[in-house]
Amino acid sequence: MKQKDQFDNLEKHTQWGIDVLEKFIKFVKERTEIELSYAKQLRNLSKKYQPKKNSKEEEEYRYTSARAFLATLNEMNDYAGQHEVISENMTSLITGELTRYVQELKQERKSHFHDGRKAQQHIETCWKQLEASKRRFERDCKEADRAQQYFEKMDADINVTKADVEKARQQAQLRHQMAEDSKAEYSSTLQKFNSEQHDHYYTHIPHIFQKIQEMEERRIVRIGESMKTFAEVDRQVIPIIGKCLDEITKAAESIDHKNDSQLVIEAFKSGFEPPGDVDFEDFTQPMKRTVSESSLSNSRADGKSEPKFGGKSKGKLWPFIKKNKGAGPEDFSNLPPEQRRKKLQQKVDELNRDIQKEMDQRDALTKMKDVYIKNPQMGDAASVDHRLAELGQNIEKLRLEVQKFEGWLAEVEGRLSMRSEARRQSGLYEAQNPSAVNSCAQDRESSPDGSYTEEQSQETEMKVPATDFDDEFDDEEPLPTIGTCKALYTFEGQNEGTISVAEGEMLYVIEEDKGDGWTRIRRNEDEEGYVPTSYVEVYLDKNAKGAMTYI
């Protein structure tokens, strides 16, 4: 019974060992699921913040800071891949291997305990046989004693016949023989049992216990190795994860704030000239109209003065308060020169890419047609003619578009180069004649009688007879002309307060650029407004403005 109890204890312990293995397998499996889920979330996060193709976000990645962020997103995608590697390796090296091992362990355990139960049953059977032989020997001995006593009693009784005595003697002898046979059988059975018992306790059972012990030790070693593998799987990806983090650090260190700032400058550079200095206006003396201004105003409408605008003269309206709705003109003439040049260049590049695509398709179809001609069984060569003709027409249309935009681009670049040369010459002039530049603040000198004088414009074709102005400055009167200007570019005045001009058109200047990049001009009595200073060449009265020009 004690041995049976030990087997029961061993069965419980080995079952507990298998339960530990299965618990560890379940733990690792859940870890792999967590790793996969984490990797998936990281990939989705990286994908979520990736720039969308053909979107404004894609253009933003020309900045180093944005490219560094994009590199971080890509590295996080690789980082997620390492967690997938962890999950895959743990599944194959731990979960799969241990699951197979547990099945083998259960079979081995079942076999060992089956052998143990079988040995236990065998020794119990031998014990039962010994007990039966012992009881039989004991019974036969008792029967022999009783038969002997009965014989002796019959032999001592004088009244019993000799035949009865002989019968009793024979019965006693028979019982004695049966007792001797039982004794021999018991002795043999006892020897056999002792031998079986010795083998059982010194050979069979120790051998079974040894196998169970070895099985249990292998299980313990196996779970230890699996735990090492569990750590090693993580350790193997640490260098790669470290490399991902190093790349993120490298991307962060590659951020160039100076380069990004320069890109912003290049992207939003308008090409407009900075405004000139604000002039001093002396309101302490009454303003009288000069001869040149009177002549200019008197020449209109056959001697009639310019009509008064309703109320006070309009103040300067900022032209960009209202934004144009809808698409702009095809040639981007609504944009500042530098921005227009960039847009035109982008359009030319885009059209050239489209042409290349169409030509690639045409080349592919041409090759296909050659194959069909050489191998008619593969297809009809005439079937691609329509598509080839269509591609040819598309290419021709695109080339015409390219020529058109290249013409506009050449025009803008030519004007920008002219302006650059003019700025260079203006800089040389200012360096050589600083007094002329400094005189801008005193462009209208007061005379002793409180009036101021201006010489007539250098543009002789714009000279007109003069008339008198009122002695007092009247806000109700239109602004006087202070010079003329020539439109260098066509300008579409689509915003409130602006006026449209055509290239080469001559107009009157009624208000200088006050530092905001806009000049106020007049075409006739009813049309006046603002144009970009960089779009016109201004000829101010010689005495009033020192014949300065803005290009």
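Which residue in S4 is the bridge partner of Arg522?

Mentor: In S4, Glu528 is the bridge partner of Arg522. The model is a predicted one, in which local features need pLDDT of at least 70 and side-chain atom pairs count only at pLDDT 80 or more, while totals for chains, interfaces and linings use all residues. Residues are numbered from 1 along each chain as its sequence is written, and side-chain values use heavy atoms, with hydrogens and water left out.

Arg522 belongs to strand S3, which covers residues 518-522. Strands here are DSSP runs of E with at least two residues, helices are runs of H or I with at least four residues, and both are numbered from the N terminus. S3 is mostly covered, with five of its five residues buried. Buried means under 20% relative accessible area, exposed means over 50%, and partly exposed lies in between, with a 1.4 Å probe and protein chains only. Trp518, Arg520 and Arg522 point one way from the strand, whereas Thr519 and Ile521 point the other way. Arg522 itself has a relative accessible area of 1%, and therefore counts as buried.

The neighbours of S3 come next. Two strands pair if DSSP finds at least two bridges between them. On one side, S3 and strand S4 (residues 528-532) pair in the antiparallel sense over five bridges, and a hairpin of five residues joins S3 to S4. S3 also pairs in the antiparallel sense with strand S2 (residues 506-511), over three bridges. Here Glu511 stands opposite Arg520 of S3. S2 and S3 form a hairpin with six residues between them, and Gly515 in the turn has a positive phi of about 110 degrees.

These strands are part of an open sheet of five strands, in the order S4-S3-S2-S1-S5 and with antiparallel pairing. S4 and strand S5 (536-540) stand at the edges and each has a single partner strand, so one side of each is left without a neighbour in the sheet. From one strand to the next the twist averages 40 degrees; axes are lines fitted to C-alpha atoms, for helices over the stretch in contact, and angles run from 0 to 180 degrees between N-to-C directions.

Side chains of opposite charge can pair when their charged atoms come close. A salt bridge is taken as a side-chain nitrogen of Lys or Arg within 4 Å of a carboxyl oxygen of Asp or Glu, and by this rule the count comes to 23. One of these salt bridges is formed by the side chains of Arg523 and Glu527, at 3.0 Å from N to O. Arg523 is partly exposed, with a relative accessible area of 25%, and Glu527 is partly exposed at 34%. Salt bridges that share partners join Glu511, Arg520, Arg522 and Glu528 into one network.

Two further salt bridges lie elsewhere in the chain. The side chains of Arg219 and Glu216 meet at 2.5 Å, N to O. Both residues lie in helix H4 (residues 162-253), three residues apart, about one turn of the helix, and both are buried. Glu330 forms a salt bridge with Lys404, with the closest N and O atoms 2.7 Å apart. This pair links distant parts of the chain, 74 residues apart: Glu330 is in the loop between helix H6 (291-298) and helix H7 (337-374), and Lys404 is in helix H8 (residues 385-432). Glu330 is partly exposed, with a relative accessible area of 42%, and Lys404 is partly exposed at 29%.
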